[in-house]
Amino acid sequence: MTDTARSPVRRLTGYYGANPLHLLTLLASFALAGYAVSRVVLGGPWLGLALWFVGAAVVHDLLLYPLYALSDVAARREFRKGEFAATVRGVPWINYLRVPVGLSGLLLLIWAPLILQLPQGAYSRASGLSTSAYLPRWLLITGVLFLAAAVAFALRVRLAGKAAPGDDPPD
Amino acid sequence: MLGRLASPPAPPGPFRPRFWRSPLRGPWLTAVFSVVLLVGVSLVAVTGFLSYAAYNPALGGNDLTSGKGLLGFYLFDWPTEPVWLYRVTQGAHVILGLTLVPILLAKLWSVIPKLFDWPPLRSPAHALERASLLLLVGGAVFEFATGIVDIQIFYGIFPFDFYTAHLYGGWVFLAAFLVHVVMKFPTMMQGVRSRSLREELRTGLADTRPEPPDPDGLVAVEPAPPTVSRRGALGFVGAGALTVFALSIGQTIDGPLRRTALLAPHGRDYGSGPNDFQINKTAATVGVDTAQTGPSYRLELVGSGSQQLSRADLEGLQQYTYDLPIACVEGWSTQQTWTGVRLRDLARMAGVDEVGTVFVESLQSGGAFSRTTLSGDQVRDARSLLALSVNGVDLSLDHGYPARVIVPANPGVHNTKWVSRLTFMAPGQ
C-alpha cells in the first residue's frame, strides 16, 4: 500500500501499533483509574499507597514467583544428585512433595500474620483471644498434609510393584 | 515505525524465550484459570462495592473513605430485607476472595514469561498495554493482600487508611480488569475452545504433550519433559482453592462446624454460654468499664426534647425478640436471638413520628465506630432493636451491655454497642 492511499486512521494505527479503539479503551481505563486515585490523594497520604500498589506487583513477580519456582527446580535437582532416584519402582515422587509443600505454603502465605503472631495486641484487643493458637494449628495441618501424601505415595508404589514390570506408571 | 526499529538482542535469562521450560504453559491452561477468575473476581468486586453501600455512606459521618465523588453513583439505601443480606454478600466477598488466591497465583504463573517480553516496549500501543497490566497485577495483588491482612486485624502494617485504600484501590483494579477482559476475551474463548476439558481430564502424565506454539509465546520453545499432567496441575490448584475454602467457610456458620475454620480469625470457640459468640471489639479496648455501665448508666433519648432512661426504664418498655445475624465486614457472621426495645418505639417516645435518620452514639471513647447514622428505613423495620439481652440473658459487657443496636442486614460495626445517646431526626433535618 502506498502512503497516498493511507487514510489518517491507518496512519495513526501504523504509528501507534494497534487500532484506535485499542487506544480509546485504554485511555478510558486510565481515566477511571486516575479518578479513583484522585479520591485517595484528596484523603491525604497517598505515597505509601502508591508504594504498596507497585510493591505488590514487584513482590509477586520478582520475589514470590522466583522463590517457589527455584525451590521446585532445586528440589528436583538436589534429590536426584543424591541417593534418591526421580522415581521409586517407576513412580515419580516429585508431586507427592509438591502438593503438601504447596498447600502448606499457600496457607502460610494467606494466614502469615496470625501464624507468626504479628498482630498479637490488636487481635486480642479485638476478639478477646490470643493468636498463639494459630502456629500449632498450621503445623498440625502441615503434618496431616505430609502424612496423607506419604500414605498416597506408599499406596501408589505398592500398586506399581504389583503391576507387571514394564507397565507405564500412572501419573 | 517503532516496531521496526532494530532492537538490541535480549539479555540472557528470563528475557530469552528458551529460559521458560514448563511444558504445561499455553493458551488453553491460561484460559481455564481466566474463566474461573473472570467469574470469581467479578463476584468479589460486586460484593465489595455492595459492602460500601451497606455502610450507607451518604448518611452523616458514615463514610470512612476520603470522599466518593462520582464513584458513589451506584449507592442506594441499604435494605433490611432479607435479614441475611449482608451476611451473604460480605461472607461471599471474603471467603470467595480467599478461595481465589491459589487460582490467581496459578494464572500469574501461567503468564509470567510475558512479564519479560523483549523488546520491553515495541510500540506506543504495547507501552500503554503494559502500563495497564501493571495496574492489573499490582491492583489484584494489592486488593488481595490488603483484604487478607485486614481480616487478620494486622492494621499496623498499613501506611494508609484501609477503607480508603481498599475501596479506591478496587476501582483502580476494576478499571484495568475491565479493559483486560474486553481485550482478552476473544483470546480466552479461543484458548478454552482449543482443547477439550474432558479429554484433558482423561490424559495422564505419560500422554501429556505441550500445547501447539501460540502467537503470544506462552508455549515453551524448548519444553522440558513434563513432571505433572495438565489434569494434575488443575487438580493441584483446585485442591489449594478447596483447602482454603474448607478452612475458612466455618466462620460464617454457627454450631460445631464453626471450629473447622482452623486458621480463620473468627472461627474460634468462646464456650457454650449464651454470650459466648464472636466479639469484634472488647469493652476494655475502647475504654468502656463497669463504672459507666452500672446503676448510673442513662440512655439519652433526643428528639423534640431530651429525656434520660435508665436500664430499668428500658426493661419496662415493650420488649420484642428476633433471631438476627450479626455479620462483620471481615467476613465472619453468627446468628443470635436478641431481645429489646424497637427503635421505632423509641423514636415515638422521643417525639419524632416520622424518622429521617437516627444518630447513634456509644460510651466507647474514640474509634471510627463510636458513632453512626442509621436510615429511616432501618429505624422503621419492626425487627430493629435496641437490644438489652441475647439468648435470654443480659448482654455481656463485651457484647454491648447495657444496650446495643441490632438492625437486620446491617454491617456489624453499625450495630453500635454500649449506646449512650439516640438522636432521632425528622426527614430533611
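Pro119(B) sits in the loop that links H2 and H3 of chain B, where helices (H or I, at least four residues) and strands (E, at least two) are DSSP runs numbered from the N terminus. The structure is a predicted model, in which local features need pLDDT of at least 70 and side-chain atom pairs count only at pLDDT 80 or more, while totals for chains, interfaces and linings use all residues. Residues are numbered from 1 along each chain as its sequence is written, and chains are lettered from A and ligands numbered from 1 in the order in which they are written.

The peptide bond between Trp118(B) and Pro119(B) is cis, with omega at about 0°. A cis bond also joins Glu81(B) to Pro82(B), with omega at about -10°, and Pro82(B) belongs to the loop between helix H1 (27–54) and H2 of chain B. As background, most peptide bonds are trans, and most residues other than glycine have a negative phi.

## The two chains in outline

Chain B contains 10 helices and 10 strands, and its C-alpha atoms fill a box of roughly 80 × 50 × 35 Å along the principal axes. Of its 429 residues, 46% are buried, a class that requires 20 or more other C-beta atoms within 10 Å of the residue's own, whereas 12 or fewer make a residue exposed and counts in between make it partly exposed, with C-beta atoms placed from the backbone. Two residues are in contact if their C-beta atoms, placed in that way, lie within 7 Å; among the contacts of chain B with a separation of 6 or more, 73% involve residues 24 or more positions apart.

Chain A has 6 helices and 2 strands, which follow the order α-α-α-β-β-α-α-α from the N terminus. Buried residues make up 21% of the 171 residues of chain A, and 50% of its contacts between residues at least 6 apart in sequence join residues at least 24 apart.

## Helix pairs

Two packed helices are described by the angle between their axes and the distance between the axes. Here the axes are lines fitted to C-alpha atoms, for helices over the stretch in contact, and angles run from 0 to 180 degrees between N-to-C directions. In chain B, helix H2 (residues 85–111) and helix H3 (residues 124–151) pack at about 140°, with axes 11 Å apart, and are therefore oblique to each other; angles under 35 degrees count as roughly parallel, over 145 as roughly antiparallel, 65 to 115 as roughly perpendicular and the rest as oblique. The residues that make this contact include Val94(B) and Leu108(B) from H2(B) and Phe144(B) and Ile151(B) from H3(B). By class, the contact comprises 8 nonpolar, 2 polar and no charged residues, where Ala, Val, Leu, Ile, Met, Phe, Trp, Tyr, Cys and Pro count as nonpolar, Asp, Glu, Lys and Arg as charged, and the others, Gly among them, as polar.

In chain A, the axes of helix H4 (residues 94–115) and helix H6 (residues 134–162) come within 9 Å and cross at roughly 170°, which makes H4(A) roughly antiparallel to H6(A). Among the residues that meet are Trp111(A) in H4(A) and Trp138(A) in H6(A), and the contact divides into 18 nonpolar, 2 polar and no charged residues.

## Where the chains meet

Between the chains, 77 residues of chain B are in contact with 58 residues of chain A. On the side of chain B that touches chain A, H2, H3, helix H4 (162–193) and helix H6 (230–246) each supply at least two residues, with the largest share, 15 residues, coming from H3(B). That side of chain B has 47 nonpolar, 23 polar and 7 charged residues.

## Core and loops

The largest nonpolar core has 123 residues, and Leu386(B) is one of the members that touch the most others; such a core is a set of buried Ala, Val, Leu, Ile, Met, Phe, Trp, Tyr and Cys residues joined through C-beta atoms within 7 Å. Leaving aside neighbours within four places in sequence, the contacts of Leu386(B) include Val341(B), Leu346(B) and Val419(B).

Ala409(B), in the loop between strand S9 (404–406) and strand S10 (419–425) of chain B, has a positive phi of about 65° although it is not a glycine, and is buried, with 23 other C-beta atoms within 10 Å. Gln117(A), likewise not a glycine, has a positive phi of about 55° and is partly exposed, with 15 other C-beta atoms within 10 Å.
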